[in-house]
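Open the model in your viewer and keep the selection panel at hand. Each stop says what to select and what is there.

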Amino acid sequence: MPFSIKKIHDLIQLLFPMACYGCALPLMNGESEICNTCLESLPFTDHHLHQENLVAKQFWGRIPLNAAMAMLFFKRGNATRQLIHHLKYGNHPELGLKLGILLGERLLSAPQYQAIDFLIPVPLHLKRAAQRGYNQSDYIARGISQVLEVPLSNRHLFRKSATDSQTRKGRFLRFENMATAFELQNAEELENTHILLIDDVLTTGATMEACALTLLQAMPEKISIAALAFVK
Ligand SMILES: [Zn+2]
């Protein structure tokens, strides 16, 4: 067969180098990073509309938060997983920006996410940042910053040192390790402010909890959190 589907697909990729990060089909006019079909079928949580959502409940009794949400459900095999994979391992920081804009558009209509003073992305291990070349949460925060018109800060929260790979550790060790992983600088600027802490994927919440605990030392008025995706 002279024209297999594979060959046609390759030809399309050649003619339209911008492909959707969800389905790999070429993007049409006016679309960027994610096609409209994928956008419409993404598993949005609508957490921003409900203060007592699954993510907020995950933090009850652990840390006082003004509000907590994740934009998408993350499941094995779903489109969210595909997007996060491209964002974290595919060298596509522009996808973080796009997803951050989508997240920001949701926060814009949520009363509990108003009057934010600083957006603070969860800092990446220095080693990983060097490997990846960028912090994906930083790009998500840049997208949110564009929509909410709130400044992004990389001058307050830092990782102390690279922690070992956590994949082989148990839950308890992971929490213990995380609790001392972050430190503050220029803390006085955060006093009485509303901070929005931003991460890519929420699983146990240990990283967010450790970051929020560290930020609390600066006596902010409120801490809210937002993540791109949530593993149920
Ligand atoms: Zn698509």
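**Stop 1: a buried tyrosine**

Select tyrosine 134. Its relative accessible area is 5%, so it is buried, the cut-off being under 20%. Keep in mind that this is a predicted model.

The ring centres of tyrosine 134 and tyrosine 139 are 5.7 Å apart. Their planes meet at 85°, so this pair is edge-to-face, since the angle is over 60 degrees. How many aromatic pairs does the count come to? The count is one aromatic pair.

**Stop 2: charges over rings**

The charged end of arginine 142 sits over the ring of tyrosine 139, 4.1 Å from the ring centre.

Next, select phenylalanine 44 and arginine 106. Here the charged end of arginine 106 lies over the ring of phenylalanine 44, at 4.0 Å from the centre.

**Stop 3: a leucine in a loop**

Select leucine 27. Where is leucine 27 found? Look in the loop between α1 (5-15) and α2 (36-41). Is leucine 27 buried or exposed? Its relative accessibility is 10%, so leucine 27 counts as buried.

Show its neighbours. Leaving out residues up to four places away in sequence, leucine 27 touches Met18, Ala19 and Cys20 on one side of the numbering, and Ser32, Glu33, Ile34 and Cys35 on the other.

**Stop 4: the second largest pocket**

Select Pro123, Leu124, Asn154, Leu157 and Phe158. These lie nearest the centre of the second largest pocket, which is lined by 14 residues. Colour each of them in turn. Which element gives the largest share of the lining? That is β3, with three residues.

The volume of this pocket is about 210 Å³. Colour the lining by class next. Eight of the lining residues are nonpolar, four are polar and two are charged.

**Stop 5: the whole protein**

Clear the selection and zoom out. The protein has nine helices and six strands. Of its 232 residues, 48% count as buried. Tyrosine 134 and leucine 27 are among the buried residues.

Among contacts with a separation of 6 or more, 75% come from residues 24 or more positions apart.

Key. Residues numbered from 1 in each chain as written. Predicted model: local features only at pLDDT ≥ 70, side-chain atom pairs only at ≥ 80, totals over all residues. Heavy atoms only, no water. 1 Å grid on protein atoms, 1.4 Å probe; cavity = no way out; pocket = protein on both sides within 12 Å on 5 of 7 lines; lining within 4 Å. Points joined across faces, edges and corners; volume = space filled by probe spheres on them. Helix = DSSP H or I, 4+ residues; strand = E, 2+ residues; numbered from the N terminus. Nonpolar A, V, L, I, M, F, W, Y, C, P; charged D, E, K, R; others polar. Phe/Tyr/Trp six-rings, centres within 6.5 Å; stacked < 30°, edge-to-face > 60°. Buried < 20%, exposed > 50% of the residue type's maximum accessible area, 1.4 Å probe, protein only. Lys NZ or Arg CZ within 6 Å of the ring centre and 35° of its normal. Contact = heavy atoms within 4.5 Å.
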